[in-house]
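Dear colleague,

I am passing on the structure below, followed by some notes on what was found in it. Please read the notes with the structure open beside them.

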Amino acid sequence: MQGIDATLSRGADNILRLRWARGISITEADARLAMDQVNKLCAGESLPMLVDMATTKAVSRGARTVFGLPCSASRIALLGSSQVDKVIANFILGVSSLPCPTKFFTSEPAALGWLKER
């Protein structure tokens with residue numbers, strides 16, 4: 001995505017995939033740009049989203065606030081690979097009031113399975 005260190009795509013399965021760059025510290029501006037791009041890509045639809053946050057260094061308070069705002073994601077699976085990822089995800093899940101069902105996973109197949117549930 002232009003302007004931030006992340007990629008966003010919509011798969012043939014209609015699941016959005018947001019992949020943050022390795023080692024990123026996500027700022028409020030990063031979060032706003034990402035959510036704007038999610039809403040643009042969805043074009044009025046509500047779709048499930050897989051967020052690969054493996055090796056994310058930090059998520060700012062402002063970014064957590066932005067992630068608490070409604071967007072076009074119907075449910076969000078946070079995918080991480082380490083204990084640090086889990087701590088960051090649990091902090092986001094525990095502190096923020098999130099606008100849609102959101103869970104942390106260390107397995108991409110499990111995350112995708114959960115996203116495909118109705």
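A cavity, as the word is used here, is a set of grid points among the protein atoms where a 1.4 Å probe fits but cannot get out. Please keep in mind that this is a predicted model. By that definition the structure holds one cavity of 30 Å³ or more, and about 220 Å³ of space lies in the largest cavity. The lining of the largest cavity is made up of 17 residues, of which Val 51, Phe 67, Ile 76, Leu 78 and Ile 92 are the closest to its centre. Two or more lining residues come from each of the elements β2 (16–20), β4 (47–52) and β6 (73–79).

The aromatic side chains are the second topic. The structure holds one aromatic pair, formed by Phe 105 and Trp 114, whose rings are 5.7 Å apart centre to centre, with 45 degrees between the planes, and are therefore classed as tilted. Are the two partners buried or exposed? Phe 105 has a relative accessibility of 12% and so counts as buried, and Trp 114 is likewise buried, with a relative accessible area of 9%, because the term applies to values under 20%. Trp 114 has a further neighbour in Arg 75, which lies over the face of its ring at 4.0 Å from the ring centre.

With best wishes

Conventions: Residues numbered from 1 in each chain as written. Predicted model: local features only at pLDDT ≥ 70, side-chain atom pairs only at ≥ 80, totals over all residues. Heavy atoms only, no water. Phe/Tyr/Trp six-rings, centres within 6.5 Å; stacked < 30°, edge-to-face > 60°. Buried < 20%, exposed > 50% of the residue type's maximum accessible area, 1.4 Å probe, protein only. Lys NZ or Arg CZ within 6 Å of the ring centre and 35° of its normal. 1 Å grid on protein atoms, 1.4 Å probe; cavity = no way out; pocket = protein on both sides within 12 Å on 5 of 7 lines; lining within 4 Å. Points joined across faces, edges and corners; volume = space filled by probe spheres on them. Helix = DSSP H or I, 4+ residues; strand = E, 2+ residues; numbered from the N terminus.
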